[in-house]
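User: Please take a close look at one helix in this structure. I would like to know its form and what it packs against.

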Amino acid sequence: MTYIKTVLPRKLLTASISSSLFAILFGLFFPGSFGSEINSIKEYMWSFSATVPFYLMYSFPVILVYGTVTSVISDFLSGLITKNRLKRMEPYLSAVFHFLFGFVLQWISLVAAILFFVTDRILGKKKNRYTWSHGLKSLIIPFLIWILFMGIIWIMDFIRDGGDHIVY
């Protein structure tokens with residue numbers, strides 16, 4: 001029961017943070033996913049800003065559901081295997097399970113699994129007791145990131161084509 005009250009809210013917080021980081025990092029490294037060629041910093045910034053909401057929209061639900069469930073399973077299995085012996089091997093075994101579950105879509109989902117694992121371990125080391133309030137409030141993080149980048153797209157579009165939108 002304590003597990004449900006403390007660990008699952010941390011996993012929700014982890015999913016919110018890691019999915020936002022995943023979308024931003026993926027946008028930084030793969031900004032031209034819509035087939036456009038990038039020839040300048042301006043085009044790079046435009047493509048980056050345009051792809052982050054797209055990546056977030058598709059990765060967040062998967063990381064939230066699949067990542068949270070498989071992380072709980074990974075931690076449970078590693079705790080079960082190392083129970084009463086070799087307790088210091090538990091984080092390493094958990095990492096192996098996270099990476100195995102994360103290899104489903106090869107390197108793309110493996111990056112998400114690594115981000116999830118690292119974020120979860122950092123939050124777990126803080127020794128804070130995360131409540132359901134923390135977990136549910138954290139779900140606003142990806143939404144705010146999405147709003148921020150959609151706002152950037154709108155502003156960049158307005159600056160680029162602003163004259164066409166002004167009514168006299």
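Analyst: The bend at a residue is the angle between two fitted axes, one for the seven residues ending there and one for the seven starting there. In this predicted model, helix α2 bends by about 35° at Ser-59. Helix α2 covers residues 41–81, and a straight helix of 41 residues would span 60 Å at 1.5 Å a residue. Between its end C-alpha atoms, α2 spans only 50 Å.

For the setting, the protein chain has six helices and zero strands. Its C-alpha atoms fill a box of roughly 75 × 35 × 20 Å along the principal axes.

On the α2 side, the contact is made by Tyr-66, Thr-70, Ser-71, Ile-73, Ser-74, Asp-75, Leu-77, Ser-78, Gly-79 and Ile-81. On the α3 side, the residues are Glu-90, Leu-93, Ser-94, Phe-97, His-98 and Phe-101. By class, the contact of α2 with α3 has seven nonpolar, seven polar and two charged residues. An α-helix has 3.6 residues a turn, so residues three or four places apart point the same way.

With α4, the axis of α2 comes within 11 Å and the two cross at roughly 60°. Helices α2 and α4 are therefore oblique to each other, and their crossing is right-handed. Here α2 contributes Ile-63, Gly-67, Thr-68, Ser-71 and Asp-75, while α4 contributes Ala-112, Phe-116, Asp-120 and Arg-121. These residues divide into three nonpolar, three polar and three charged. Ser-71 and Asp-75 of α2 are in the contact with α3 and also in the contact with α4.

The two partners also meet each other. The axes of α3 (residues 90–102) and α4 (residues 107–125) come within 8 Å and cross at roughly 150°, which makes α3 roughly antiparallel to α4. This crossing, too, is right-handed. From α3, Glu-90, Pro-91, Ser-94, Ala-95, His-98, Phe-99 and Gly-102 take part. They meet Ser-109, Leu-110, Ala-113, Ile-114, Phe-116, Phe-117 and Arg-121 of α4. The contact of α3 with α4 has eight nonpolar, four polar and two charged residues. Phe-116 and Arg-121 of α4 touch α3 and are also in the contact with α2.

Note on methods
Residues numbered from 1 in each chain as written. Predicted model: local features only at pLDDT ≥ 70, side-chain atom pairs only at ≥ 80, totals over all residues. Heavy atoms only, no water. Helix = DSSP H or I, 4+ residues; strand = E, 2+ residues; numbered from the N terminus. Expected span 1.5 Å × (residues − 1). Axes fitted to C-alpha atoms, helices over the stretch in contact; angles between N-to-C directions. Parallel < 35°, antiparallel > 145°, perpendicular 65-115°, else oblique. Left-handed = near helix turned anticlockwise from the far one by under 90°. Contact = heavy atoms within 4.5 Å. Nonpolar A, V, L, I, M, F, W, Y, C, P; charged D, E, K, R; others polar.
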